[in-house]
Structures are given as C-alpha cells and as structure tokens.
Amino acid sequence: MAHLLLVEDDELLRDGLCAQLMHAGHSVDAAGDGAQAQALLESKRVDGVVLDLGLPPVQGVPMDGFAVLRWIRQRMPHLPVLILTARDDIDDRVQGLNAGADDYLTKPFDMAELLARLGAMLRRSRMPAFGGSLQTEGPPQHRLRLDHQLPMAWLGDEAMELTHREWSLLTLLVKQLGQVVGREEVLAVWQTQAAEGGAAGSGSNALEVYVHRLRRKLQDSGLNIRNVRGLGYMLELQAP
Ligand code: CA
C-alpha cells in the first residue's frame, strides 16, 4: 500500500481513478495541474506519482506533464513516476521515458493494468519517501533509506543515529555509490557546514574517525566503506 500522487486535469477521470486507487488500498492525493502537483510534492511524502502528460497552463504559463516530470527528476531522482499519455503517441512515450518516467500507459487504459504496472513500479523502486534508497541482497536490514528533508536515515526499519558529519558523509557516499568520494570533497562539505554554524573543526584525522564510526553503524547492512588509498572512500555493496 502506497501513498500516491495523481496528477490529472480531467475531473471525471481524476475522481474515478482516485476512487479506484483507494479501493485498491492506496492513499491518494490528487492534483489538477502542475502547480498543485508541485505544492503537494513539497509538503507530503509520496511513494509514487501517476502523471498525465496533457496538463493545462498555470496562470498562462505552459506546464505540461513533461515540465512536471523534469521538475520532479531534478528534486526527487528516485521517485517512481508513471505517465499517462492521451493517445498512442510514440514520440510522447519516448520523450517521457527519456525525461525519466519509470513507466507509461496509453489512454484509454484498463484499471487492472494500471494497478499492476503501479505495483510493479513501486516494488522496483522500493522507495517509500523522498531521498534515496539502496537495496542490497538479503534481509530487511539491508535496506538503507535516506530522507533528505528530515534529514534521517534508516537501516530496515531502524532509524540510524547519525551526527551531522556522519549524515553528510553518508549522503556523499550514497550519491556516488561505487565511486570514490575524495577526502577533500568531504572536508569541503564539512567546512561549509562549520561556516554555517555546524560543528567546528575538521581535518583528515577527524575524517578517519567519522569513517570508522559510520562503518560500524553500517555493520551487517550489506554496505561497506572501502578505503581507497590516497584518494578517499568508496561505498560498495558487499558480495552476498
Ligand atoms: Ca489531460
């Protein structure tokens, strides 16, 4: 069961879809245009979006589904989005997928098919919130979820207790999973935070200490922070 955002300007269709999605056990917020969709996405946690491509302008400014999709992708790169296209328009579908849609359906569509596609999309994403998540092989605690708005991190259903610095280190590592995050990059972020009133003092030794602590907190998560000599650190999935 997921919390969905439905963006559809056709009131009749919107109400009908809403009712059926709720009947299928989902909770739904509905928006009639792109601006409403943005406002809802900024204020609520959403697990997935059903997005009509043909949306009306907002206060005279064109804002179709593609514009909303690009907006979503810039802010919530992992939020699953299924687009609805008005007709069997191959260009729209290709453009939609290129713009980062996870799936599409052509109107008119079968409700059972929408529910099946939605379910598959949500399962694939395993992404119950804003931010990012990582799913490694194995037990539930192998699921690392980040919510950048709170900000908080969970391993499985357990909230991780992270200091400011551990959080920024973790987000840098997750963002660049499988790639080296340079020591300077982490230190630069910390310095900015210190300038903004965060914990003062930083340095290479401190970095090592924090990496060590974070590594301990990630123990048994299926994730490992590897020391890349002379360069920095890399978050990697442990072989099952
Ligand atoms: Ca429409």
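Visitor: Which residue forms a salt bridge with glutamate 236?

Guide: Side chains of opposite charge can pair when their charged atoms come close. In this predicted model, the partner of glutamate 236 is arginine 226, with the closest N and O atoms 2.9 Å apart. Glutamate 236 belongs to strand β12 (residues 232-237) and arginine 226 to strand β11 (residues 223-228), so the bridge ties together parts ten residues apart in sequence. Glutamate 236 is partly exposed at 21% relative accessibility, and arginine 226 is partly exposed at 37%.

Visitor: How many salt bridges are there in the whole structure?

Guide: A search finds nine. One of them joins lysine 107 to aspartate 52, at 3.1 Å from N to O. That pair links distant parts of the chain: lysine 107 sits in the loop between β5 (103-106) and α5 (111-125), aspartate 52 in strand β3 (residues 48-52), and 55 residues separate the two.

Visitor: Is lysine 107 buried or exposed? And aspartate 52, buried or exposed?

Guide: The cut-off for buried is under 20% relative accessible area. Lysine 107 has 18% and therefore counts as buried; aspartate 52, at 3%, is buried too. Lysine 107 and aspartate 52 also belong to a network of salt bridges that includes Glu8.

Visitor: Which residue pairs with aspartate 102?

Guide: Arginine 73 does, with the closest N and O atoms 2.9 Å apart. Aspartate 102 is partly exposed at 36% relative accessibility, whereas arginine 73 is buried at 17%.

Visitor: What is the nearest side chain of opposite charge to arginine 14?

Guide: Aspartate 15, at 4.4 Å. Not counting residues up to four places away in sequence, arginine 14 touches Leu6, Glu8, Asp9, Ala30, Ala31 and Gly32.

Visitor: Which residues of α1 are buried?

Guide: They are Arg14, Leu17, Cys18 and Leu21. These residues lie on the same side of α1, because they cover an arc of only 105° around the axis. The face turned away from that buried side carries the exposed residues Leu12 and His23.

Visitor: What caps the N-terminal end of α1?

Guide: Aspartate 10 does: one of its side-chain oxygens lies 3.0 Å from the backbone nitrogen of leucine 12. After α1 comes glycine 25, with a positive phi near 105°.

Conventions. Residues are numbered from 1 along each chain as its sequence is written. This is a predicted model: local features need pLDDT of at least 70, side-chain atom pairs count only at pLDDT 80 or more; totals for chains, interfaces and linings use all residues. Side-chain values use heavy atoms; hydrogens and water are left out. Buried means under 20% relative accessible area, exposed over 50%, partly exposed in between (1.4 Å probe, protein chains only). Lys and Arg count as positive and Asp and Glu as negative; His and the chain ends are not counted. A salt bridge is a side-chain nitrogen of Lys or Arg within 4 Å of a carboxyl oxygen of Asp or Glu. Contact means heavy atoms within 4.5 Å. Helices (H or I, at least four residues) and strands (E, at least two) are DSSP runs, numbered from the N terminus. The arc is that of the directions from the helix axis to the C-beta atoms. A polar contact is a pair of N or O atoms within 3.5 Å; within protein, one must be able to donate a hydrogen and the other to accept it, and residues adjacent in sequence count only if both atoms are side-chain atoms.
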